[in-house]
Amino acid sequence: MNSKRKDDIFYVCTLIEYVARKTCNHRKEIISYFDKSDLSRQLRLAEVNHCLSFEQVAEELIEEYNISNGDFDTVAECKYTVPSITSIGRVYQMLVLAVCENEDVEQAIIDVFSSFISDEISDFNSNVYYSNPDYLRCSYLDGRLLA
């Protein structure tokens, strides 16, 4: 996979994180608004959209997909320094790349954001989001956080 494609995946993962924070939703709720063709479109647009602010692109997505506000505010609940959206986007990108099979990146994004590990990564009061990428991959594949 070339570096441009990896950058596009990073952008889309970061955008999902941003929209989830802005709307106070679980990441799996945000990903449920998108199917594979929607994600494919977002990956194609990433090269252009990264020149725009996350705020603008997120507002357009929220409006286009009619994403409603939730009550999962990971930022307000955080007792420590809140990790940046790009830091969390990078965590998701690395996990997506680690579990992606047959270049089906769209399905890997859906699967990762829909899994249990998404809420674990979003718990900024835990240490999961800065865990070793291989630990995250193994936990994801096992369906639970490994001891």
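**Close-ups of a predicted model**

**View 1. Helix H6 and its cover.** Among the elements in contact with (heavy atoms within 4.5 Å) the buried residues of H6 are helix H1 (3-23), helix H2 (27-31), helix H3 (36-49), helix H5 (85-99), helix H7 (116-122) and helix H8 (133-142). Helices here are DSSP runs (H or I, at least four residues), numbered from the N terminus. Seven of the 10 residues of H6 (residues 105-114) are buried, so this helix is largely enclosed by the rest of the structure. Buried means under 20% relative accessible area, exposed over 50% (1.4 Å probe, protein chains only). The buried ones are Val105, Glu106, Ala108, Ile109, Ile110, Val112 and Phe113.

This is a predicted model: local features need pLDDT of at least 70, side-chain atom pairs count only at pLDDT 80 or more, and totals for chains, interfaces and linings use all residues. Residues are numbered from 1 along each chain as its sequence is written, and side-chain values use heavy atoms, with hydrogens and water left out.

View 2. Leaving aside neighbours within four places in sequence, Ile121 is in contact with Ile88, Val91, Tyr92, Leu95, Val128 and Tyr129.

**View 3. Two loop residues with positive phi.** Cys24, in the loop between H1 and H2, has a phi near 55° and is buried at 19% relative accessible area. Asn66, in the loop between helix H4 (54-64) and H5, also has phi near 55°, but is exposed at 63%.
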